[in-house]
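Please look over the sequence and the three-dimensional structure shown below. The paragraphs that follow lead through selected parts in turn.

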Amino acid sequence: PGQQQGEMSDKQRLGMKKGQEIYTSLCAACHGLDGKGTEVAGLKDTMLAPPLAGSKTINNNPDGGVHVLLKGLQGEIEGKKYEGLMIPMGDNDDDWIASVITYVRNSFGNRGSFVTAADVARLRKETASRTTPWTYEELMARLPQYVPVSQIKVSASEKSGDSGKAIDGNVDTRYTSGKFMEPGMWFQIELAKPMSISGVTLDSRNSANDYPRGCEVTVSTDGKSWTPVLKKPEEKSPVIELRFNPVDAKFIRLTQLGSAKGNFWSIHELKVLQAPAVKN
């Protein structure tokens, strides 16, 4: 159910394999081998644990699942009760947690970036003083949320007429530059109103080698005066997370920095992340 093996580095492939082994032996009993949750024996429609397929906690931001494994989760989730209890698993090391979250974020129809041991170490330090499990509401307040596509317009320096395919909700369609990548190509997002933004996710998995060869993010409130917020070097990954400190913006421009003779710049799905309500 995860990525095609050829799309991953050896390190990523090993991480996915380790994560699958952990999930199968420890997590599947409650969350299901298919990630859709396990029904309580004899109680129809009563689930031990929430589905991970399509989970906002898992998909909206790589920090979500890490927070849950480090500290646990209690109470209702989107108004629904579950019989099982998600206990903290922070006694496991950073690589263990990174592996299982990476596997879940790339299985069961989920499409996410890879989580590293360094990501886990950062969150472990940030939440070191917390002694109780999260509630779902607490966790959602700490995580960025997707801006609805109804509030987004897009354009591009190349084949701008096809830019809407990057936000049509269909991973089988794509925006593509139509020519090989070269420095200066851009893709622009216009929001319906200024809001606090903390990231953009680019999914090119169905065209795995069409990720940007480095990317600069600039923002504007008026479309005229631009401020750089991130310059990310090339990352060989079909899902690119462009994360930055929260900034008010109405326009976001992604500029492609490198060259790729043989590959277009493609975006199958793009997500804009609104900054969390609560600062970490």
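To describe how two helices pack, an axis is taken as a line fitted to C-alpha atoms over the stretch in contact, and the angle between N-to-C directions runs from 0 to 180 degrees. The model discussed here is predicted. In this model, helix α3 and helix α5, the latter formed by residues 117–126, pack at an angle of about 55°, and their axes are 10 Å apart. Angles under 35 degrees count as roughly parallel and those from 65 to 115 as roughly perpendicular; α3 is therefore oblique to α5. The crossing of α3 and α5 is right-handed. On the side of α3, the residues involved are Asp63, Val66, His67 and Leu70, and these meet Val120, Arg122, Leu123 and Arg124 of α5. By class, this contact between α3 and α5 comprises 4 nonpolar, 1 polar and 3 charged residues.

Helix α3 (residues 62–71) also packs against helix α4 (residues 94–105), here at an angle of about 130° and with the axes 10 Å apart. This angle makes α3 oblique to α4. The two helices, α3 and α4, cross in a right-handed sense. Pro62, Gly65, Val66, Leu69 and Leu70 of α3 meet Trp96, Ile97, Val100, Ile101 and Arg105 of α4. The contact of α3 with α4 divides into 8 nonpolar, 1 polar and 1 charged residues.

How many residues of α3 are buried? The count is 10 of the 10 residues, so α3 is largely enclosed by the rest of the structure. Among these buried residues are Asp63, His67 and Lys71, as well as Val66, Leu69 and Leu70. The ends of the helix deserve attention too. Asparagine 61 caps the N-terminal end of α3, with a side-chain oxygen 2.9 Å from the backbone nitrogen of aspartate 63. Just after α3, glycine 72 takes a positive phi of about 85°.

Positive phi values also occur in residues other than glycine. For phenylalanine 108, phi is near 65°. Phenylalanine 108 lies in the loop between α4 and α5. Is phenylalanine 108 buried or exposed? Its relative accessible area is 13%, and a residue under 20% counts as buried, so phenylalanine 108 is buried. Lysine 159 has a phi near 50°, again a positive value in a residue other than glycine. Lysine 159 is placed in the loop between β4 (152–156) and β5 (175–181). At 42% relative accessibility, lysine 159 counts as partly exposed.

Strand β10 covers residues 260–267, and serine 266 is found in it. Serine 266 is buried, its relative accessible area being 2%. Which side chains make polar contacts with that of serine 266? The side chain of threonine 176 is joined to that of serine 266 by a polar contact of 3.2 Å, and the side chain of aspartate 210 makes one of 2.7 Å with that of serine 266. Leaving aside residues up to four places away in sequence, serine 266 touches Arg174, Tyr175, Thr176, Ser204, Ser207 and Asp210.

Isoleucine 267 also lies in β10. With 1% relative accessibility, isoleucine 267 counts as buried. Residues that isoleucine 267 touches, again not counting those up to four places away in sequence, include Ala166, Phe187, Leu202 and Asp203. The C-alpha atoms of isoleucine 267 and arginine 13 are separated by 23 Å, while the two residues are 254 residues apart along the chain.

Note on methods
Residues numbered from 1 in each chain as written. Predicted model: local features only at pLDDT ≥ 70, side-chain atom pairs only at ≥ 80, totals over all residues. Heavy atoms only, no water. Helix = DSSP H or I, 4+ residues; strand = E, 2+ residues; numbered from the N terminus. Buried < 20%, exposed > 50% of the residue type's maximum accessible area, 1.4 Å probe, protein only. Polar contact = N/O pair within 3.5 Å; in protein donor to acceptor, adjacent residues only side chain to side chain. Contact = heavy atoms within 4.5 Å. Parallel < 35°, antiparallel > 145°, perpendicular 65-115°, else oblique. Left-handed = near helix turned anticlockwise from the far one by under 90°. Nonpolar A, V, L, I, M, F, W, Y, C, P; charged D, E, K, R; others polar.
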